[in-house]
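Welcome! Please take a look at the structure shown here, and then read on for a short tour of it.

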Amino acid sequence: MSARQLQIQKISGHPGPVPGKGMHREEQLCKLVDTTTCIGCKACEVACVEWNDMPFHPTLFDNTYQTMPDTSWNYWNLIKFHEVTNPDGSFQWLMRKHQCMHCAQPGCLAACPADGAIVQYQSGIVDFQQENCIGCQFCVAGCPFNVPKFNPETKKVYKCTLCSDRVGQGLEPACIKACPTGCLHFGAKTDMLTLAQARAQQLRQVSGYRNAGVYDPKGVGGASVVYVLHDVTQPEKYGGLPSSPGIPISFTVWKDWFKPVGLIAAVTAFAGVILHYVTEGPRRVQPQPPIKEVDGGAPEGRTK
Amino acid sequence: MTTPAQDLRRKPDRFINRIGLTVVYRGELLRHRAYTRFLHWVYGIFFFLALLSGFGIYMPWIFRWFTPLFGGGAITRMLHPWFGLGFVVSFALQAHNWASDMKWQPGDTRWMKRLKDYVTHRDSIEPADVGFFNAGQKGQFWEIVAGCVAYLITGVVMWFPELFGRGPVAIGYVIHDISALIMLAGIFIHVYLSTIGEPGTFQAMTRGTVSEAWAWTHHPGWYRKVTGRDPVEALAEARARMKTQE
């Protein structure tokens with residue numbers, strides 16, 4: 001790992017190519033969350049708050065094993081707790097580490113109208129650059145995982161950075177470092193997928209979770225966070241994990257194609273009135289002044 | 001007895017007309033009183049503020065040079081809804097002011113059918129049934145009314161996205177954009193026709209008056225209504241007068 005992993009490859013609202021993109025090939029980085037071995041200890045939550053220097057949050061005990069109702073602009077990582085009843089009547093406690101998925105095709109970046117407010121590094125990390133953020137919150141609408149959170153005081157949006165500051169220095173993200181059970185892994189995406197597939201196969205064959213599998217949603221081009229789930233057919237059970245996440249076409253088709261076409265169509269009206277002035281001329285108040293011959297030249301004024 | 005809605009217009013209307021100067025010279029007719037002109041320029045200013053701030057956000061890779069005018073991207077984003085609200089509110093007052101003049105008449109449908117003749121100046125003066133506003137002006141007016149409703153609904157959704165959620169924002173901003181594009185096209189036509197496209201029109205929104213000749217040329221029905229004279233006869237007389245002077 002090196003600083004090269006923070007070479008930018010996508011920029012929101014940016015004209016022209018991305019400087020330096022593709023000069024070096026880098027492994028895609030990936031965080032693997034094995035929900036089957038998460039014990040819900042919240043060490044990752046604490047590590048996240050500590051490393052990113054975010055304040056302690058008072059909370060109310062709501063009779064579950066979940067610390068906060070939801071993530072917030074200064075609370076990026078939350079173990080979501082869900083108690084589900086299976087069809088056979090058995091109970092199951094599902095713990096899912098919820099944070100930014102760092103999608104390969106990020107909905108937030110597609111929706112963002114501010115040049116350079118959201119970037120994607122070659123390593124796959126999607127990072128918000130608050131100094132360029134205009135606070136429009138389109139990223140919130142573009143994200144299928146409900147990740148970006150708005151701070152009404154600073155009028156900026158914040159989310160998990162995948163500890164890009166640590167990763168750039170060759171360190172793993174803070175949450176990974178803190179995990180005591182080995183449920184969190186961090187490394188190259190290919191390695192993480194291999195590991196995840198092996199674990200899913202183990203769950204299917206040994207532990208009796210016949211629907212166990214790897215969650216790496218294709219609707220967003222894959223992600224830099226993948227989950228091993230007991231039941232990959234019903235990710236909604238884990239609280240807010242959509243089975244087929246996607247980006248609204250208004251942030252892709254409309255924004256990339258119809259916006260420029262629409263603008264050209266509207267500016268055609270400008271061309272139209274100029275053309276009208278040149279070919280038809282102004283509509284003059286009647287009666288017009290009489291047309292006079294100028295010595296040796298064409299008649300003055302319109303002859304129509 | 002007046003209703004509250006009438007009061008809303010009448011009180012500022014009387015006040016602005018009292019402090020605003022409108023002089024009608026010989027050979028001129030009063031076209032827009034001070035209150036109408038005041039409203040026009042208020043929403044005109046708001047329109048351009050909203051247009052520039054909006055297009056800076058619409059397509060920053062072309063219009064990024066608009067946002068520094070307002071103090072940067074974040075402040076542009078913060079101000080744009082207020083510019084929009086200013087436009088919608090001041091235009092609503094004008095809509096209240098103009099609603100009866102803008103009512104669609106059977107003659108307007110006929111006017112629309114001969115739009116090509118209007119564009120190509122087939123006749124030297126407009127048809128006799130063209131009143132205070134022609135059908136083109138009425139069409140644009142009602143488009144803006146519809147646009148304001150669309151702006152207001154979708155604008156509030158984007159202003160407070162946390163109250164409305166992901167879907168309405170994604171749909172709303174497309175509608176907001178389409179409305180802006182229609183009005184962008186409209187403003188070119190509006191500015192052209194009220195300045196170089198139809199000379200003598202601009203003073204209607206500055207001094208508030210137009211020449212009688214302007215009135216019988218562009219709005220013969222209105223000319224007949226305010227002067228009681230036949231516009232075609234008036235034109236013929238003016239032509240004859242011009243001949244004798246020569």
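## Two helices side by side

Helices α2(B) and α4(B) are roughly antiparallel to each other, a label used for angles over 145 degrees. Helices here are DSSP runs of H or I with at least four residues, strands are runs of E with at least two, and both are numbered from the N terminus. In chain B, α2 covers residues 34-58 and α4 covers residues 73-98; their axes come within 8 Å and cross at roughly 150°. Axes are lines fitted to C-alpha atoms, for helices over the stretch in contact, and angles run from 0 to 180 degrees between N-to-C directions.

The crossing of α2(B) and α4(B) is left-handed, meaning that the near helix is turned anticlockwise from the far one by less than a right angle. The residues of this contact comprise 13 nonpolar, 12 polar and one charged. Ala, Val, Leu, Ile, Met, Phe, Trp, Tyr, Cys and Pro count as nonpolar, Asp, Glu, Lys and Arg as charged, and the others, Gly among them, as polar.

## How to read the model

This is a predicted model, where local features need pLDDT of at least 70 and side-chain atom pairs count only at pLDDT 80 or more, while totals for chains, interfaces and linings use all residues. Residues are numbered from 1 along each chain as its sequence is written, and chains are lettered from A and ligands numbered from 1 in the order in which they are written.

## Another partner for α4

Helix α4(B) also meets helix α7 (residues 135-159) of chain B: the axes come within 10 Å and cross at roughly 145°. The crossing of α4(B) and α7(B) is left-handed. Among the contact residues are B:Phe91 and B:Trp98 of α4(B), and B:Tyr151 and B:Trp159 of α7(B); residues are in contact if their C-beta atoms, placed from the backbone, lie within 7 Å. By class, the contact of α4(B) with α7(B) has 13 nonpolar, two polar and no charged residues.

## Chain B overall

Chain B holds 13 helices and two strands. Its C-alpha atoms fill a box of roughly 70 × 45 × 35 Å along the principal axes. Of contacts in chain B between residues at least 6 apart in sequence, 61% join residues at least 24 apart.

## A sheet in chain A

Chain A has an open sheet of three strands in the order β1-β5-β6, with antiparallel pairing. Strands pair if DSSP finds at least two bridges between them. β1(A) and strand β5 (residues 118-121) of chain A are joined by three bridges.

Definitions and conventions
Two residues are in contact if their C-beta atoms, placed from the backbone, lie within 7 Å. Angles under 35 degrees count as roughly parallel, over 145 as roughly antiparallel, 65 to 115 as roughly perpendicular and the rest as oblique.
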